[in-house]
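Here's a quick briefing to read alongside the model. Have the sequence and the 3D view open as you go.

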Amino acid sequence: MVFFGLSHSGCDFALRALQVIIRATVSTLFGDISGALGLASRTIKEIPRTIKTVLTRFEESLELRSTVFACCPKCCCNYPPSFDKTGKAVYPHQCGWKSSDSSSPCGALLLEGTSPIRPFVFPDFFHFIARLLSDGDIEGYIDTSCQEGLEAAIQEPSAVITSPFQGEFLRTIKGPDGARLFIDGGSEKEARLVFSLNVDWFNVN
Ligand SMILES: [Zn+2]
């Protein structure tokens, strides 16, 4: 599936062939000018020899990456970690947040031992997107939603709305080119992602 539907042994052969092609191309074009062969060798070493290694690295690269903040139990101020020489996360012991310049710091304890009393786990956004798009089912849902939105956009607005794609905003908002609708990925079939921001602490008063 990774290499045009080749079997595992076919993929392994393609990977080896790629290494040979790179070495032969560099050798033919440059010889060893400015250490070109050495550079090519280092590049070749970074190319996995088997498709199993490729898939393992791919899965590892898609493991959830996140940052654990120390969240103040009293005022909910968040503190990102710094890291010591061993790579261990380090946080301030007390909350220093002030409601104004003349106010006293919050002062609440943030840690139990060296761990946050209230950890706040924040996923890496770009890895979240990578994981999202690596799932074929989810990619299908994304494409279907946009397609249904495009069909809704050319029809009269419905009195009853059952999807955000039927709402006025997504029916009218233009994409980066200022011409097509945002949800129109065009002939390149770009995936168009729409996010909503939910806030559960906003005081409406
Ligand atoms: Zn605090």
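Which residues make up the largest nonpolar core? The core consists of Phe69, Ala70, Cys72, Cys95 and Leu110, five residues in all. Keep in mind that this is a predicted model, where local features need pLDDT of at least 70, side-chain atom pairs count only at pLDDT 80 or more, and totals for chains, interfaces and linings use all residues. Numbering runs from 1 along each chain as its sequence is written.

**Core**
- A nonpolar core here is a set of buried Ala, Val, Leu, Ile, Met, Phe, Trp, Tyr and Cys residues joined through C-beta atoms within 7 Å.
- Buried means 20 or more other C-beta atoms within 10 Å of a residue's own, exposed means 12 or fewer, and partly exposed is in between, with C-beta atoms placed from the backbone.
- Setting aside neighbours within four places in sequence, Leu110 is in contact (C-beta atoms, placed from the backbone, within 7 Å) with residues including Ala70, Cys72, Cys95 and Ile117.

**Positive phi**
- Cys76 isn't a glycine, yet its phi is positive, about 70 degrees.
- Look for Cys76 in the loop between β1 (66-71) and β2 (78-79), strands being DSSP E runs of at least two residues, numbered from the N terminus.
- Cys76 counts as partly exposed because it has 13 C-beta neighbours inside 10 Å.
- Lys189, also not a glycine, has a positive phi of about 55 degrees.
- Lys189 has 9 C-beta neighbours inside 10 Å, so it counts as exposed.

Key:
Helices (H or I, at least four residues) and strands (E, at least two) are DSSP runs, numbered from the N terminus. Two residues are in contact if their C-beta atoms, placed from the backbone, lie within 7 Å.
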